[in-house]
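Visitor: I am new to this structure. Could you take me through some of its local features?

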Amino acid sequence: MATKLEDSIDPARFREVLGHYPTGVAVITAIDADGQPVGMVVGSFTSVSLDPPIVAYLPTRESYTYARLRTSGHFCVNVLAADQRDLCARFAARGADKFAGVGWSPAPSGSPILDGAVTWIDCAVSDELDGGDHYIVMGRVRDLAVARRTLPLLFFQGGYGRFSLPPSATPTDPELIRGARMAEVVRQPLQVVAREVGADCGVLARVGDEAVFVMTANRSGDPDAAEIGHRIPLIPPLGTVFYSEAADTEVDHWLARAGKGVDTEAFARNLDKVRRRGCSMSSMPDTDLSRVSVMKDYSGYDVLPEHDRRMKQMIAGTAELYEPDIEPDRTYNLHSIVVPVPDPKGHTRIALRMSRLPQAVDGVRVQNWIDGLRAAASAAAATLAAGRVD
């Protein structure tokens, strides 16, 4: 018997391809047969007809929540706002009281209208159709309104986000502007270090929870080296030098960015090591991680959830490469060295980074590189302390 074409479609490939079509995120609510509010998250909500006004959503057949929803003859579609990810996660979770602490008001049918939703659409169930492993639930619209004029929450490539206009061609973030001005102070000494070592050197400016390249001195001649404007999220183990003099609350915020379930004790120990020796280091990985390619995608014009995931996966996958101990008689293959440049108030807003270093060098030579980079940082800090840079 011949195999049907649809039988040869791999489910994972089907999800991956369809994931390139962005959808809004809605919570379908109702009052069930026991008089209790019930709700579930759906991305498969659609307009069906204008005259008469009909919409539809597609719950899975095995959904326990839908088993409760279908006991009502009505439902309300709540389109979530971009700042309602936590609410989305609450209604997507299993087993919890999803309405605990959630504000809502009744639609004309009695179905819950969630506080903060962009729009709500109150419907009477008109039909339930077969949709393979889903149902197609048709609803005749009885009432609707725009409750909050704001950006909706979007689902795309397995991640949540929001619609945004293209960024301005000229960066205007005050932190970025200050970082660029401060970088000019260190340009000349950094170029000297780059020539002496035969490496690439750059200046990173902290902008919120990211570090941005604001100056580069490319000595390797590699066109794929990091460029001005490339961004790096400050997620442990990255960004240690920016928190070496930070308050405990800032350090805790940085450590928390490693994510739930991550043991942050190793990152805290790394921070102590950076504080003692005044620099951060990382070793070369055994395999090519295409770091610059990942960084370019993350910093690009069309940043996708996939790019964000790849960046975070790369960071997590290289955690063990950070803060190696340096001994004079051992040989090292280092990926980068970063030193802080404290401002007059003791805060680190910029840092100097050396990368694409010569390989298989002894610890004495590594220490010489560190000393040279720290000397450039000290010269910059002295200029900042003298008040010659805003």
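This is a predicted model: local features need pLDDT of at least 70, side-chain atom pairs count only at pLDDT 80 or more; totals for chains, interfaces and linings use all residues.

Visitor: Which residues in helix 6 are buried?

Guide: Helix 6 takes in residues 265–277 and has 13 residues. Buried here means under 20% relative accessible area. The residues of helix 6 that are buried are Phe 267, Asn 270, Leu 271, Lys 273, Val 274 and Arg 277.

Visitor: Why are these residues on the same side of helix 6, and what arc do they cover?

Guide: The buried residues in question are Phe 267, Asn 270, Leu 271, Lys 273, Val 274 and Arg 277. They are on the same side of helix 6 because the arc they cover around the axis is only 165°.

Visitor: Which residues are exposed on the other side of helix 6?

Guide: Exposed means over 50% relative accessible area. On the other side of helix 6, the exposed residues are Glu 265, Arg 269 and Arg 276.

Visitor: How many Å does helix 6 reach from its first C-alpha to its last?

Guide: At 1.5 Å a residue, 18 Å is expected for helix 6. The reach in the model is close to that, at 19 Å.

Visitor: What is omega for the cis peptide bond that joins Pro 236 and Pro 237?

Guide: Most peptide bonds are trans. Pro 237 sits in the loop between strand 15 (231–233) and helix 5, and the bond joining Pro 236 to Pro 237 is cis, with omega about 10°.

Visitor: Where is Pro 52 found?

Guide: Pro 52 is joined to Asp 51 by a cis peptide bond with omega of about 5°. Pro 52 belongs to the loop between strand 4 (45–49) and strand 5 (54–57).

Visitor: Is Ala 360 buried or exposed?

Guide: Ala 360 is in the loop between strand 19 and strand 20, and has a positive phi of about 55° although it is not a glycine. Most residues other than glycine have a negative phi. With a relative accessible area of 54%, Ala 360 is exposed.

Visitor: What is the relative accessible area of Arg 356?

Guide: Arg 356 is placed in the loop between strand 19 (348–355) and strand 20 (361–362). Its phi is positive, near 50°. Arg 356 counts as partly exposed, and its relative accessible area is 33%.

How values were computed:
Residues are numbered from 1 along each chain as its sequence is written. Side-chain values use heavy atoms; hydrogens and water are left out. Helices (H or I, at least four residues) and strands (E, at least two) are DSSP runs, numbered from the N terminus. The expected span of a helix is 1.5 Å times one less than its number of residues. Buried means under 20% relative accessible area, exposed over 50%, partly exposed in between (1.4 Å probe, protein chains only). The arc is that of the directions from the helix axis to the C-beta atoms.
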